[in-house]
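User: I would like to learn how to read pockets and sheets in a model. Please take me through this one.

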Amino acid sequence: MSDVTDAQPTLRIAAAVIVDDAGRWLLVRKRDTAAYMQAGGKIEPGEDPRAAVVREIGEELAVVVDPTLVRDLGRRDAPAANEPGHRLEAHVFAVDGVTGAVPTAEIAEAVWVTPAEAARLPLAPLTVDLLREAGAASAPR
């Protein structure tokens, strides 16, 4: 996992791991930024993280997500890609059934990439960690 410290200000986010049947990951790049990352965003005060990821996917990609297709993958900590000196408390969810994603709101670009293709992109620290974990989970034992 990426290095973070408790002294850094914390951003609570919900992040979506969206993988299609071909094993490609959906990554987004926000306007005026370089790093590609999971769709998702800040959790509003009092908002459930699962509801936040569903809301954010709708706002960012114009996709209506069936909440029953959202699986909790746990919480991760990572440095924030777009807010220097901040760390993320990320509630990560696998989201199935996402098709027809269209970048909206603050999203400049949405791409479907294999993990090998993703490795050639500038990636957010959380995305690096998630791709590494996914690779380790699929490696032969």
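Predicted model: local features only at pLDDT ≥ 70, side-chain atom pairs only at ≥ 80, totals over all residues.

User: How is a pocket found, and what is the volume of the largest pocket?

Analyst: Rolling a probe the size of a water molecule over the atoms shows where empty space is left. Here a pocket is an open set of points on a 1 Å grid over the protein atoms alone, where a 1.4 Å probe fits, with protein on both sides within 12 Å along at least five of seven lines; lining residues have an atom within 4 Å of a point. The volume of the largest pocket is about 300 Å³, counted as the space filled by probe spheres set on the points, which are joined across faces, edges and corners. Of its 20 lining residues, Ile13, Lys30, Met37, Gly41 and Asn82 are closest to the centre.

User: Which element gives the largest share of the lining?

Analyst: Strand 4 does, with four residues. Strands (E, at least two residues) and helices (H or I, at least four) are DSSP runs, numbered from the N terminus.

User: Now the sheets. What is the strand order in the sheet of four strands?

Analyst: Strands of a sheet pair through backbone hydrogen bonds, either parallel or antiparallel. Pairing here takes at least two DSSP bridges. The open four-stranded sheet has the order 4-1-6-5, with mixed pairing. Its edges are strand 4 and strand 5 (70-79). Strand 1 and strand 6 (87-95) run parallel, joined by eight bridges. Arg12 has Glu89 as its bridge partner in strand 6.

User: And where does Arg29 lie?

Analyst: Arg29 is in strand 2 (25-30). That strand belongs to an open antiparallel sheet of three strands, order 3-2-7. Tyr36 in strand 3 stands opposite Arg29. A polar atom of the Arg29 side chain lies 3.1 Å from the backbone oxygen of Thr33. A polar contact is a pair of N or O atoms within 3.5 Å; within protein, one must be able to donate a hydrogen and the other to accept it, and residues adjacent in sequence count only if both atoms are side-chain atoms.

How values were computed: Residues numbered from 1 in each chain as written. Heavy atoms only, no water.
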